[in-house]
Amino acid sequence: MSTDPYTYLEGFGNHFTSEAVHGALPKNQNTPQKCPYGLYAEQLSGSAFTAPRTHNLRSWLYRIRPSVVHAPYEPVKSDLLVSHFSINSEDCVVTPTQLRWSPFDLPAKPDKVDFIQGLKTVAGAGEPSCRSGLAVHVYTANSNMDQRAFYNSDGDFLIVPQHGVLDITTEFGKMMVHPNEICVIQRGVRYSVNLMGGEARGYILEVFGEHFELPDLGPIGANGLANPRDFLTPKAAYINDDENKGPWDIITKFNGKLFKTSQKHCPFDVVAWHGNYAPYKYDLAKFCVINTVSYDHIDPSIFTVLTCKSYSPGVAIADFVIFPPRWAVAEGTFRPPYFHRNCMSEFMGLILGDYDGKSGGFLPGGGSLHSPMTPHGPDANVFKAASEAELKPVRVADGTQAFMFESSLLLSTTKWGLKTCGKVQEDYYKAWGDLENNFQMPSVDQ
Ligand SMILES: O=C(O)Cc1cc(O)ccc1O
Ligand SMILES: [Fe+2]
């Protein structure tokens, strides 16, 4: 069990209420003439005011000062962050080549790099101003954000820590996120990340248009996969300026570029809040795994934790899929991932251990990208071993956690991702080179 000093509100998409001080939420209304205890009321919208109820997201924050009390914004250099992936963009390259990255480097000491300074974009599609598309980033950091806070104006971040524990202070309260947990911090929410172990590395899926939802369960029924009650949202917690003197830097990613403003007061001064637009975390070990109990390899969509839907039924802008520890029992079946050519883009990462589709080269903190219609599948060693394995029930993936960001969009790779990071394995294609011609012509008398 990982240690977490904080307590949370349980449930996915609930209309929560949370008070750090009893009586701080106004009774029966959102905007009273005077809020309790002299607080200011502020609404944070996550959807158009007029979005249908099923998709309407907003929270009311009751805070010591409204967020608007700050200096003008100024640009901050942020060359390695990319959010525009058009074919003409100077920042990115398109290639159908199968790509695999060795683990991304942690910052070299004595450089001090915090969570935001350590963000680098690997791939993506679309762009935020038209609210369409996604980006895949990695973060590598070795210092706390301290009195720096961040909010993303472009989209929601689904953060997948691979190494190091993130102690995240948000406007809504505090969350501790360990490797093998994930968190979602939505567009507009302010937060600051401190590192429990001194260093951290992980992956981020950013979606520009819509928000993450639990996948529909169809014939699975009402239960299973990621169960709603296992999602945890912070409880209201605030810092009063008297305890923590400014100035604070507030950084935002706005249409792909970073901007900074400063303010004298702490942004984490929300004494109470209510609503259904709030960050959350989820422990991947709680995933209720469903799979075949008879034969054949089931498509990895059966392991979807969260999805960001497009307007086309059943087609995701991005799915977050995991490959959790489980029993493999399929009879008469080639059990690892099959050879395939997918109309979707598949970016994969590894949190812990190894992945049953590859016999080496895919390591924790690294990644891979298989683009639309680009062939891929088990490497030659995995194919041979799984073709000959005795098919008794076995535990697979114990002590491991691989994941996939799967998108219906074609991902471009950034120049940093393809070249500057220096982590692309040029010989990745050789993983399949030893797959032999095993064809045996039937003899004429058969
Ligand atoms: O390519 C991969 O390793 C991901 C994947 C896993 C699987 O079990 C089936 C299809 C698929 O794309
Ligand atoms: Fe695949």
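Guide: The protein is divided into domain 1 (69-265 + 279-284) and domain 2 (286-425); such bounds come from an automatic or database domain assignment. This is a predicted model, in which local features need pLDDT of at least 70 and side-chain atom pairs count only at pLDDT 80 or more, while totals for chains, interfaces and linings use all residues. Residues are numbered from 1 along each chain as its sequence is written, and chains are lettered from A and ligands numbered from 1 in the order in which they are written.

Visitor: How many residues of domain 1 are in contact with domain 2?

Guide: The size of an interface is often given as the accessible area lost when the parts come together. Here contacts are counted instead: two residues are in contact if their C-beta atoms, placed from the backbone, lie within 7 Å. By that criterion, 51 residues of domain 1 touch 50 residues of domain 2. On the domain 1 side, β8 (119-127) is among the elements that give two or more residues, and β8 gives the most, with seven residues. Strands are DSSP runs (E, at least two residues), numbered from the N terminus. This side of domain 1 comprises 29 nonpolar, 14 polar and eight charged residues. Ala, Val, Leu, Ile, Met, Phe, Trp, Tyr, Cys and Pro count as nonpolar, Asp, Glu, Lys and Arg as charged, and the others, Gly among them, as polar.

Visitor: Which residues surround ligand 1?

Guide: A residue is near a molecule if its C-beta atom, placed from the backbone, lies within 6 Å of it. Ligand 1 is surrounded by Asp299, Pro300, Pro337, His340, Asn342, Glu346, Gly357, His370, His376 and Met404. This shell holds three nonpolar, five polar and two charged residues.

Visitor: What is the order of the strands in the open sheet?

Guide: Strands of a sheet pair through backbone hydrogen bonds, either parallel or antiparallel. Two strands pair if DSSP finds at least two bridges between them. The open sheet has four strands in the order β2-β20-β4-β3, with antiparallel pairing. Because β2 (16-19) and β3 (40-45) stand at the edges with a single partner strand each, one side of each has no neighbour in the sheet. Four bridges join β2 to β20 (residues 270-275), and Phe16 stands opposite Gly275 in β20.

Visitor: How many residues lie between β18 and β19 in their hairpin?

Guide: Two residues lie between β18 and β19, and Asn255 in the turn has a positive phi of about 50 degrees. The strands β18 (residues 248-254) and β19 pair in the antiparallel sense over seven bridges; Thr252 has Phe259 in β19 as its bridge partner.
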